[in-house]
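Colleague: Please walk me through this model. I would like to start with a single residue and its contacts.

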Amino acid sequence: MLRRLAALLLAILACVACNRDPVVMLDSTPPDQLARTFWPLADFSLTERSGQVVTLGDLKGKVWVADFFYSTCPGPCPMLSSRLSELQKALGGDDRVRLVSISTDPEKDTPEVLRQYAAKFGATERWLFLTGPKAAIKSLAFDNFKLPFSEQPGTAEPIIHSTRLILIDSMGNIRGLYEGTEAGNSESLIRDIRRLVDLKP
C-alpha cells in the first residue's frame, strides 16, 4: 500500500514538473451522486477485442461503466473484472447498458489476448475490452477520466492505475466514481445504473 501511494505521489510530481495540471483525485461521492454531473468526456478512438474501432460516439445513447486494467496485473485487476462480471449478471441483457474495460498495457494486451481474458470472465458482446496506442491510453486515463496512471518497469506492479469504476451517462458525461475493490459499492452502482437508464436524455 505504501509503495502504491509513493508511486502515485511520484506520478503527480512528474506531471507538475512537465507543466501539466496534476491529476484530479475525487473523494467518495455522496449517496445521491447522480444529482450532479462531474464533466463530459472528450472523444477517443480505441480498438475492441473484436478488432472493431470504438469511439465515444459509438457509446452515445448507452449508460456505461468503465474501468482500467491489464491482463497480467498481479494486484486488483482480477477483482475489478470479477466485479464487472457480477454487474453483467445483475443487469441481465439490458441493451441500454455497456461495460468497458480499457487496457493500460496495450503492448501486451492485443485483441487476441483480450479475447482470451474476456472469455475467462464470461464477457458478452455488451462488455467491451479496448486497447490502442499507449499515448492514447495515458491521455484517456489522465486527461479525460482524470485518473492516475504511472509505470514502474521491473517492479511487482509495473503499471499503477485507478481501481475506480466510472459511471457514464447516455450523453457521455461522468456521473459517478465507485471504488471497485469494495464489494459494498456494487449495490450502489447497480442502483445508479438503473436510475440513469430510466432517465430521458
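Modeller: Asp109 touches Tyr70, Ser71, Ser103, Leu114 and Thr131, leaving aside residues up to four places away in sequence. Contact here means heavy atoms within 4.5 Å. This is a predicted model: local features need pLDDT of at least 70, side-chain atom pairs count only at pLDDT 80 or more, and totals for chains, interfaces and linings use all residues. Residues are numbered from 1 along each chain as its sequence is written, and side-chain values use heavy atoms, with hydrogens and water left out.

Colleague: Where does Asp109 lie?

Modeller: In the loop between strand 5 (97-103) and helix 4 (111-120). Helices (H or I, at least four residues) and strands (E, at least two) are DSSP runs, numbered from the N terminus.

Colleague: Is Asp109 buried or exposed?

Modeller: Buried means under 20% relative accessible area, exposed over 50%, partly exposed in between (1.4 Å probe, protein chains only). Asp109 is buried, yet has no salt bridge. Lys108 is the nearest side chain of opposite charge, 8.2 Å away. For charge, Lys and Arg count as positive, Asp and Glu as negative; His and the chain ends are not counted.

Colleague: Which side chain does the side chain of Asp109 meet in a polar contact?

Modeller: That of Ser71, at 2.4 Å. A polar contact is a pair of N or O atoms within 3.5 Å; within protein, one must be able to donate a hydrogen and the other to accept it, and residues adjacent in sequence count only if both atoms are side-chain atoms.

Colleague: How many salt bridges does a search of the whole structure find?

Modeller: Side chains of opposite charge can pair when their charged atoms come close. A salt bridge is a side-chain nitrogen of Lys or Arg within 4 Å of a carboxyl oxygen of Asp or Glu. The search finds 14. In one of them, Arg164 pairs with Glu179, with the closest N and O atoms 3.9 Å apart. Arg164 is in strand 9 (residues 164-168) and Glu179 in strand 10 (residues 173-179), so the pair ties together parts that are 15 residues apart in sequence.

Colleague: What about a pair within a helix?

Modeller: Asp192 and Arg195 form a salt bridge (3.8 Å, N to O). They sit 3 residues apart in helix 6 (residues 185-197), about one helical turn. Asp192 is buried, at 0% relative accessible area, while Arg195 is partly exposed at 36%. Elsewhere, salt bridges with shared partners join Lys62, Asp95, Arg98, Glu125 and Arg126 into one network.
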